Amino acid sequence: MTTGAATTTAPKGPKLKTSAMIASFADPGQRTIPAPFGNALAELAEQDERIVGLTADLGKYTDLHIFAQTHPERYFQMGMAEQLLFGAAAGMAQAGLVPFATTYSVFAARRAYDFICLDIAEPELNVNIVGGLPGLTTGYGPSHQATEDVAIFRGMPNLTIVDPCDAVDIAQAVPQLAASKGPTYLRLLRGKVPSVLDEYDYKFELGKAKVLRGGRDVVLVSSGLMTMRALQAAEALAAHRVDVAVVHTPTLKPFDEETVLAELAGDRLAVTLENHTVVGGLFETVASALVRRGQARRVVPIGLPDAFLDAGALPTLHERYGLSKDRIVERVLAELG
Amino acid sequence: MKASRIAGVEDAAYRIRRYALGMGEVQGQGYVGQALGAADILAALYTDQLTFRPAEPEWEGRDRFLLSTGHYAIGLYAAFAEAGIVPVEELETYGSDDSRLPMSGMSTYTPGMEISGGSLGHGLTVAVGYALGLRARGNPARVVNFLSDGELDEGSTWEAAMGAAHHRLGRLTAVVDINALQADGPTAGVLRTEPVVEKWAACGWNVQRVDGNDVPALLAAFDAVAAQAADDGAPSVILCDTKVGRGVPLLEEREKAHFMRIEEHEWAICREQLDEGHRARTETRQEAAL
């Protein structure tokens, strides 16, 4: 299957071979932190006895095994049964517990939507949905690539959606997700997760966007791992004498329109960057906010195409679909003319 | 089994049926056939089995009754009225704008309604989590999920059936209303679910199958469940064969339909037939007592 999106030349050297399920998007040599979600949940559980963890046969692959080791009596294996996973999470919340239920994003969004919608979101229960492999974080192919999970979930009332950038975001988000009243969906980054935001004056605040750096020429609005790429691209563009601002929007719903629209008020080139299809995600969230407030202007969307993606090695695919730092730099320079 | 216990449940079932007919008439429609069919089960639960405080629907110690089949709400509202959870006078608001009693049962609308049913195949999954959660919190309350045989079509029901047995949820009971009818017609022709006893047993449940319109049989089945209930035992299911429209011969004999049409002039006939059956049963009881 080809999408016709492979417009750049293939990377030099031997072909990368892995289209494995679990792949890392960290750059070679990048500072990483292991299993930030599992560790944060285990730590939170020490202070809050209501915390429980559930999974649908993916504990080891969503870092919930860390929690299972520290709190075995509060870990519930529901089997490869996602409808049961989320229905049961609803029941546990009704019994007064605060569940974190993990699976891959594709299975949460595609297989179990009705259960999340009616059993969790409608009664506004404090269930925290944790989805692994969001967007293009596996080269395994469309069965596991949740390229449209945000588009699916954005239409669900009451659901808070969080797309963290790195280990810092995840560690700081977990207690805030547990403390927030209704249901949440976390686009999980698992395994060895890059640590980036600790280099900035930054704290994760649920519902808030943060300006990570200022810049006169371009403003990049990004969420998820694309904020890491946006920061790298901003550094690289400085060498081209392009001054780039980066606004990180880890909470996609409810969206911090105040902060983002204030940044888009001028005439700087505006670009959104998301690890998600350009349909129904960050770009459309920003665009609709601009139009609604009568602040319509051009915005360049960087994101995945409206297509089923190829299988392959992640670096190859991020290059192919325009998510790599180099492709972002190229695109911004082209837009600036 | 004491005759007074049986009579108490049968009389409650009669009143539940009467309330359901009343709600159906006000609205001009409703799932009256299902309410009549399930009335004996609901009466057994709300007047004999479940522990709850009518004035305190959120009381921690209550048994949890989860109605999967949202459209049976008309029957459950009638049971709520019988149990004193909602006032009898409020029943006439059923299905009206701003009523606490919408056509499909929703937890956010009605005191005593534990879940929002309606999308079928959800209730047992939530029941599994509820039972796990209560056990984890040391709360010995029971969880009872009422579902229909149509819901056995849904794969999620079987995910939950396996999950309940795997986690040994001995305080969870499923009550399946087998009226052999679903939206497109008889269950046997839509998607064959038999043999249901063997299916539940194969999933690891204690299984009983009874006539769901026979109050002594229902009570005996619930007693057997209570005798078996253990914190970490097998979950129990009571498969209840019921008759749509039960207690009203006009409706029992009508061609079976998921959504039963009742003409304006027929409501009075339905009520008379129901009352007549109740009178006859009361007289038989009195004769037996002499």
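Tutor: Helices (H or I, at least four residues) and strands (E, at least two) are DSSP runs, numbered from the N terminus. By that numbering, A:S324 lies in the loop between α11 (314-320) and α12 (325-336) of chain A. The model is predicted, so local features need pLDDT of at least 70 and side-chain atom pairs count only at pLDDT 80 or more, while totals for chains, interfaces and linings use all residues. Residues are numbered from 1 along each chain as its sequence is written, chains are lettered from A and ligands numbered from 1 in the order in which they are written, and side-chain values use heavy atoms, with hydrogens and water left out.

Student: Why is A:S324 called buried?

Tutor: Buried means under 20% relative accessible area, exposed over 50%, partly exposed in between (1.4 Å probe, protein chains only). A:S324 has 10% relative accessibility, so A:S324 counts as buried.

Student: What makes the pairing of A:S324 and A:E319 a polar contact?

Tutor: A polar contact is a pair of N or O atoms within 3.5 Å; within protein, one must be able to donate a hydrogen and the other to accept it, and residues adjacent in sequence count only if both atoms are side-chain atoms. The side chains of A:S324 and A:E319 are joined by such a contact at 2.8 Å.

Student: Why is B:F65 called buried, and which residues does B:F65 contact?

Tutor: B:F65 is at 2% relative accessibility and therefore counts as buried. B:F65 sits in strand β1 (residues 64-67) of chain B. Contact means heavy atoms within 4.5 Å. Leaving aside neighbours within four places in sequence, the contacts of B:F65 include B:L42, B:Y46, B:E114 and B:F146.

Student: What gives the bounds of the two domains of chain A?

Tutor: Domain bounds come from an automatic or database domain assignment. For chain A, that assignment gives domain 1 (32-194) and domain 2 (207-336).

Student: What is the buried area between domain 1 of chain A and domain 2 of chain A?

Tutor: Buried area is the accessible area (1.4 Å probe) that two parts lose on being put together, summed over both. Domain 1 of chain A and domain 2 of chain A bury about 2,200 Å² between them, with 58% of it on carbon and sulfur atoms. A:L136, A:R154 and A:D163 supply 32% of the area that domain 1 of chain A buries against domain 2 of chain A, more than any other three residues.

Student: How many salt bridges does the rule find across the interface of domain 1 of chain A and domain 2 of chain A?

Tutor: A salt bridge is a side-chain nitrogen of Lys or Arg within 4 Å of a carboxyl oxygen of Asp or Glu. Across this interface of chain A the rule finds 0 salt bridges.
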